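Work through the exercises below with the sequence and the model open beside you. Try each task before you read its solution.

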Amino acid sequence: MLLRHKHFVVLLALLGLGGRSLKAQTFCDATSPAAAPSCSRVATATASVAQILRLDLSTLSTSMRPPDLAQFDSTRTAGSVGENPLTTGPVVTVKSNRPWDLKISAAQPSFTFRADAVYQVSRSTPKPASDLAWSVAPNSGFVPISASTPADLMSSPEGGSYTQFTVYYRTRWVFTSDYPGIYELKVAYTLTGR
Amino acid sequence: MRYRWIYGAAAIVTMLSIPAVSQAQANPCDAYSGDSTVTTSGHPTCSVTKNATATIGNLLKLAVVNANVDLIKDAADTIPFFNTWTANGSAAGTTGSAPATVTDLYQAPDTNLVIAQGNRGFVVNVKAQDAVFNFDVANGVCRKPATDQAHCTTAAALAGKPVGDIFFHPENGTNGGSWLQLTTSDQELFSSVNGARFTSGIELKSAWYYATDIAGSYTATLVYTITGQ
């Protein structure tokens with residue numbers, strides 16, 4: 001019984017001492033020098049910052065501009081990718097506090113196709129994904145998209161950044177094979193921190 | 001027999017001392033010297049003057065309540081970064097330089113509460129203890145003054161985050177509502193000419209830059225000082 005009391009007293013003493021030493025003093029008294037007494041207290045301002053890698057697409061669905069007659073005429077062939085119909089794609093925003101790479105690729109090797117409800121003619125071969133070309137400028141730099149090799153769309157090798165830009169598409173349409181219907185291609189944007 | 005004589009002598013001595021005691025009670029102020037007054041006409045009165053003295057020193061007390069504040073509420077929040085982008089006119093900006101519109105910066109959810117008490121004039125100042133934040137590296141990445149930089153190339157080792165990325169504003173202060181950039185030199189928060197009890201929350205805003213403010217824990221030490229004047 002006496003031993004138990006001793007333990008209790010020791011525990012109380014430890015708690016008292018511990019509490020006193022752990023409790024930070026919030027105030028100070030300025031006592032000297034008499035002419036201009038001074039004392040200081042410190043405070044800390046802390047911020048925990050996480051890895052920030054954010055990719056925003058202004059839209060997840062873009063309607064491709066259909067070819068007009070001049071662009072989809074049997075007598076005419078586009079001289080370059082830049083002559084194919086232009087579609088303004090999503091506005092891409094990357095927010096990151098570390099270096100990053102953004103790649104673009106086709107999520108599938110070919111367009112999906114749903115035949116026109118009236119005409120009802122199916123394609124014999126799928127429309128390849130590479131018929132869609134992308135660029136970050138509307139009039140230059142278009143590159144056919146690949147499902148097997150993601151292309152470098154944008155990067156920030158030296159550090160994080162806030163970057164915003166628009167992606168443009170130009171799609172090649174071939175008179176002999178692109179039958180009436182709805183064509184759809186999934187485009188993958190992949191942001192990776194370095 | 002001998003004891004009987006002793007008791008008799010003690011009784012005589014006691015009887016002789018009684019008139020002396022009565023004489024002292026007739027003039028109660030006799031026991032005092034100096035500031036005593038005795039009035040004998042009418043009702044006798046005795047007045048005694050005593051000084052009540054207190055020695056008061058310089059009383060200057062400074063308290064900082066809620067001394068440890070978080071600059072960012074949520075570690076994964078991108079708003080502090082985006083607000084800095086906005087404050088710099090939708091541009092990257094430069095760490096350590098004041099953005100164009102400091103008011104757009106992210107404001108810390110909590111404030112330091114500074115209490116000053118003095119029986120003489122005083123001024124309360126604030127400064128940063130060091131020129132850069134202490135950086136607690138999260139993933140061994142390269143930023144000063146973290147010590148784990150052995151694997152970092154010179155180019156990869158980012159400079160320390162300057163404390164000038166913090167801006168402060170006393171809710172009840174001298175500067176009339178302006179946001180001031182924190183430096184390592186004292187800047188006045190508030191003052192009193194004749195002494196007073198003064199309380200003010202100290203609001204903090206901070207700038208966070210995508211290019212340099214990598215993941216980790218950043219800590220700045222603020223020094224509040226009260227000085228008599």
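This is a predicted model: local features need pLDDT of at least 70, side-chain atom pairs count only at pLDDT 80 or more; totals for chains, interfaces and linings use all residues.

Residues are numbered from 1 along each chain as its sequence is written, and chains are lettered from A and ligands numbered from 1 in the order in which they are written.

**Exercise 1. Confidence**

Task: Find the mean pLDDT of chain B and the stretch below 50.

Solution. Start with the term: pLDDT is the predictor's confidence in each residue, from 0 to 100. The mean for chain B is 81. In that chain, 74% of residues reach 70 or more. Next, look at residues 13-25 of chain B, where the pLDDT is below 50. Beyond near neighbours in sequence, this stretch has one contact in the model (C-beta atoms, placed from the backbone, within 7 Å). Finally, take the complex: the predictor gives an ipTM of 0.73 and a pTM of 0.76.

**Exercise 2. Chain A**

Task: Count the helices and strands of chain A, then describe its open sheet.

Solution. Helices (H or I, at least four residues) and strands (E, at least two) are DSSP runs, numbered from the N terminus. Chain A has one helix and twelve strands. Three strands of chain A form it, in the order β9-β5-β12, with antiparallel pairing. Two strands pair if DSSP finds at least two bridges between them. The edges are β9 (151-156) and β12 (187-193) of chain A, each pairing on one side only. From one strand to the next, the twist averages 20°. Strand β5 (residues 100-106) of chain A joins β12(A) over seven bridges. There, A:D101 stands opposite A:T192.

**Exercise 3. Pairing between the chains**

Task: Which strands of chain B pair with strand β2 of chain A, and in which sense?

Solution. Take β13 (residues 216-228) of chain B. Strand β2 (residues 38-49) of chain A pairs with β13(B) in the antiparallel sense, over twelve bridges. One bridge joins A:V49 to B:G216. Then take β4 (residues 68-70) of chain B. Here β2(A) pairs in the parallel sense, over three bridges. A:T44 has B:N68 as its bridge partner, and A:T46 stands opposite B:D70.

**Exercise 4. The interface**

Task: Which element gives the largest share of the side of chain B that touches chain A?

Solution. First, the totals: 44 residues of chain B are in contact with 33 residues of chain A. Elements giving two or more residues to the chain B side include β3 (60-65), α2 (79-87) and β12 (197-206) of chain B. The largest share, 13 residues, comes from β13(B). By type, the chain B side has 26 nonpolar, 15 polar and three charged residues. Ala, Val, Leu, Ile, Met, Phe, Trp, Tyr, Cys and Pro count as nonpolar, Asp, Glu, Lys and Arg as charged, and the others, Gly among them, as polar.

**Exercise 5. The cores**

Task: Which residues touch the most other members of the largest nonpolar core?

Solution. A core is a set of buried Ala, Val, Leu, Ile, Met, Phe, Trp, Tyr and Cys residues joined through C-beta atoms within 7 Å. Buried means 20 or more other C-beta atoms within 10 Å of the residue's own, with C-beta atoms placed from the backbone. The largest core has 52 residues, and B:V124, B:I166, B:L204 and B:Y224 touch the most other members. Leaving aside neighbours within four places in sequence, the contacts of B:I166 include A:A45 and B:L182. Another core, of 18 residues, lies apart and includes A:F142 and A:Y183.

How values were computed: A residue is buried if 20 or more other C-beta atoms lie within 10 Å of its own, exposed if 12 or fewer, and partly exposed in between; C-beta atoms are placed from the backbone. Two residues are in contact if their C-beta atoms, placed from the backbone, lie within 7 Å. Axes are lines fitted to C-alpha atoms, for helices over the stretch in contact, and angles run from 0 to 180 degrees between N-to-C directions.
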